[in-house]
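Trainee: Could we go through this structure together, one question at a time? I would like each answer to show how it is reached.

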Amino acid sequence: MAQALAGPEIERLIQLLGRLPGLGPRSARRAVLHLMRKREELLVPLADAMRVAAERIVTCDNCGNLDTQSPCTICRDSRRDPSILVVVESVGDLWALERAGALRANYHVLGATLSPFDGVGPDELSLPKLVERATGGAVKEVILALNATVEGQTTAHYITDLLTEVGVKVTRLAHGVPVGGELDYLDEGTLSAALLSRTTIG
Amino acid sequence: MEWQDQGLVLSTRRHGERDAILEVMTAEHGRHLGLVRGGKSSRQAPALQPGNRVALTWRARLEDHLGQFTAETLESRAGLVLTDALALQTVTHLALLMRLLPERAPHHRVFEAADAICTLLGQTDLMGPVLVRFELLILSELGFGLDLSCCAATGTHENLIFVSPKSGRAVSAEAGEPWADRMLKLPAFLLRDPRPRSEPDRFVEDGFALTGYFLERHLFEPRGLGHGGARSQLIANLLSRLRNNEQRAT
């Protein structure tokens, strides 16, 4: 058994940080060591920020995003186009699309995707709220920004069927050649998806 | 321990940040799981999509370890699978059925049949009969095969149109008539005509009702599995497309 390097409080901190994505026990020890060295500049403000965030983080009642207020900052933003609703699986996907900055639209976070393998059915997804938002009249287009995986596309087809009666335009993200991608290096699945989704130029 | 084989990707589950647990149906080693280092990376993930046929190398220190896979695409079907709802549902259904098989037990016929069905993705008129036959094969491989060769009551090989829900054996029209309301219908494509020419949707519906009854009784219910939702959606979508095709043809 490994010998403890420090007191139980520090060991617990290392253990908790080691559970974060991208960090293992080794990198957690380095992070804790850095925090202890920069106690006043980093450790105390970080602890304070985490405590405040833990107290205030809520799930947005409207879109399912995580924020410190409900409705969230995105739902409150009046500069966004209310006629476009982008459906994503998780808050991580929402952040990724926001980083891209290609569209200033509203979002809807499903919380999961359908997976018959793992027993995740429609009841586990935030679908009634999505239908309610799409039915309101303000939304003209629903963009399904879901992963190009079996689970993601199963969910996309299910939502498409669900929204057929609502009468909004339903679109999905294109599948194909990534920016900077060279055809010679692409896999056959991506290439055939790109060919099937080809578009007219001009 | 090391072996090389071909496999059909059934599912991939994230393991840590970049690795994946790959589940495949192999030709010689049955349903098998293994770790793929970097399996969630943008380079490897496309090869590990369900429905793809891959060349596999499995390595482990001991035979009963999870082991590690390296996989290379032999035939990629992900492009079609991800864009067509029926193809997607078919691949998911095949994977769910193959999950009923025990791990690491060879089922050559299942691998060959599943691989053949994956080459037919997109051919709606063939999909119903081949999926019903595949479900019968799964029942048979697990020891619950139906006997459709002759009538359970009279031994005749003629005019077999029912299956007894009790014995799983075929019954002729004459022998089954008094209990017709309790009998399951035996679609003709399971005996003679592999491709129904008239009312294909009705025959396919009868076929799925037949296999669904025995799958539920022998496999889903005893194991507490609820595969009904995904299977029902696949059948509904398939029947809807068959009816649309038929309407267009007439």
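Mentor: Let us begin with a term: contact means heavy atoms within 4.5 Å. This is a predicted model, in which local features need pLDDT of at least 70 and side-chain atom pairs count only at pLDDT 80 or more, while totals for chains, interfaces and linings use all residues. Residues are numbered from 1 along each chain as its sequence is written, chains are lettered from A and ligands numbered from 1 in the order in which they are written, and side-chain values use heavy atoms, with hydrogens and water left out.

Trainee: How many residues of chain B are in contact with chain A?

Mentor: The contacts join two sets of residues, and the set on chain A has 21 residues. The set on chain B that touches them has 22 residues.

Trainee: How much area do chain B and chain A bury between them?

Mentor: Buried area is the accessible area (1.4 Å probe) that two parts lose on being put together, summed over both. Of the area buried here, 66% is on carbon and sulfur atoms. Chain B and chain A together bury about 1,700 Å².

Trainee: Which residue of chain A meets Arg13(B) in a salt bridge?

Mentor: A salt bridge is a side-chain nitrogen of Lys or Arg within 4 Å of a carboxyl oxygen of Asp or Glu, and across this interface the rule finds 1. The distance from N to O is 2.9 Å, and the side chain that Arg13(B) meets belongs to Asp118(A).

Trainee: Which element gives the largest share of the side of chain B that touches chain A?

Mentor: Helices (H or I, at least four residues) and strands (E, at least two) are DSSP runs, numbered from the N terminus. Strand S1 (2-15), helix H1 (78-81), helix H2 (85-98) and helix H7 (228-249) of chain B each give two or more residues to that side. The largest share, 5 residues, comes from H2(B).

Trainee: Why is Thr124(B) classed as buried?

Mentor: Thr124(B) lies in helix H4 (residues 124-141) of chain B, and leaving aside its neighbours within four places in sequence, its contacts include Leu86(B) and Leu238(B). Buried means under 20% relative accessible area, exposed over 50%, partly exposed in between (1.4 Å probe, protein chains only). Thr124(B) is therefore classed as buried, because its relative accessible area is 10%.

Trainee: Which residue in S8(B) is the bridge partner of Val163(B)?

Mentor: Two strands pair if DSSP finds at least two bridges between them. Strand S6 (residues 160-163) of chain B and S8(B) pair in the antiparallel sense over 2 bridges. In S8(B), the partner of Val163(B) is Leu184(B).
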